[in-house]
Amino acid sequence: MSVYDKDTTSELLQRWHSAKKDLADIEARIEKYKKLARRIMVKTGSNVIESSSYTLNRQEISRNSISKNDVPRDIWDKYSKSSSYDAYYLRKNK
């Protein structure tokens with residue numbers, strides 16, 4: 001059996017598409033929960049919500065970045081860091 005099989009590939013892509021949709025739905029639910037938690041934290045003046053089973057902590061995280069256009073080329077060449085990773089883009093065909 002070869003690695004590439006049209007039926008297997010079709011099933012893989014269908015499952016991937018379905019999983020992406022499920023993930024988007026879950027991320028939307030989590031975003032809703034974050035908004036509710038933020039409202040509770042603002043109302044109570046605390047960055048912690050606790051129950052008997054769970055503790056939710058909120059931290060503000062800052063990250064500094066700089067654009068290539070914002071610095072001289074020699075500085076960019078000397079200090080910039082590169083990283084590589086695989087990116088996959090799946091779309092449903094019409």
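View 1. Trp16 has a relative accessibility of 33%, so it counts as partly exposed; here buried means under 20% relative accessible area, exposed over 50%, and partly exposed in between, with a 1.4 Å probe and protein chains only. This is a predicted model: local features need pLDDT of at least 70, side-chain atom pairs count only at pLDDT 80 or more, and totals for chains, interfaces and linings use all residues. Residues are numbered from 1 along each chain as its sequence is written, and side-chain values use heavy atoms, with hydrogens and water left out.

View 2. The structure holds one aromatic pair. Its partners are Trp16 and Tyr88, tilted at 55° between the planes and 5.6 Å centre to centre. For the cut-offs: rings of Phe, Tyr and Trp (its six-membered ring) pair if their centres lie within 6.5 Å, and planes under 30 degrees apart count as stacked, over 60 as edge-to-face and the rest as tilted. The pair bridges distant parts of the chain, with Trp16 in helix H1 (residues 6-44) and Tyr88 in the segment after helix H2 (73-79), 72 residues apart. Tyr88 sits at 59% relative accessibility, so this one counts as exposed.

View 3. Opposite charges can pair up when the charged atoms of their side chains come close. The structure holds three salt bridges, each defined as a side-chain nitrogen of Lys or Arg within 4 Å of a carboxyl oxygen of Asp or Glu. One of them joins the side chains of Glu11 and Arg15 at 2.7 Å, N to O. Both residues belong to helix H1, four residues apart, which is about one turn of the helix. Glu11 is partly exposed, at a relative accessible area of 42%, while Arg15 is exposed at 57%.

**View 4. Lys21 and Asp25, also in helix H1.** Here the closest N and O atoms of the salt bridge between Asp25 and Lys21 are 3.7 Å apart. The two residues lie in helix H1, four residues apart, or about one turn. Asp25 has 40% relative accessibility and counts as partly exposed; Lys21 is exposed, with a relative accessible area of 52%.

View 5. Arg73, at 60% relative accessibility, counts as exposed.

**View 6. Zooming out to the whole chain.** The protein has two helices and two strands, in the order α-β-β-α along the sequence; helices (H or I, at least four residues) and strands (E, at least two) are DSSP runs, numbered from the N terminus. The radius of gyration is 22 Å, well over the 12 Å that the globule rule gives for 94 residues, so the protein is more spread out than a compact globule. That radius is taken over C-alpha atoms, and the rule is 2.2 Å times the number of residues to the power 0.38. Along its principal axes, the C-alpha trace spans about 60 × 50 × 25 Å. Buried residues make up 4% of the 94.
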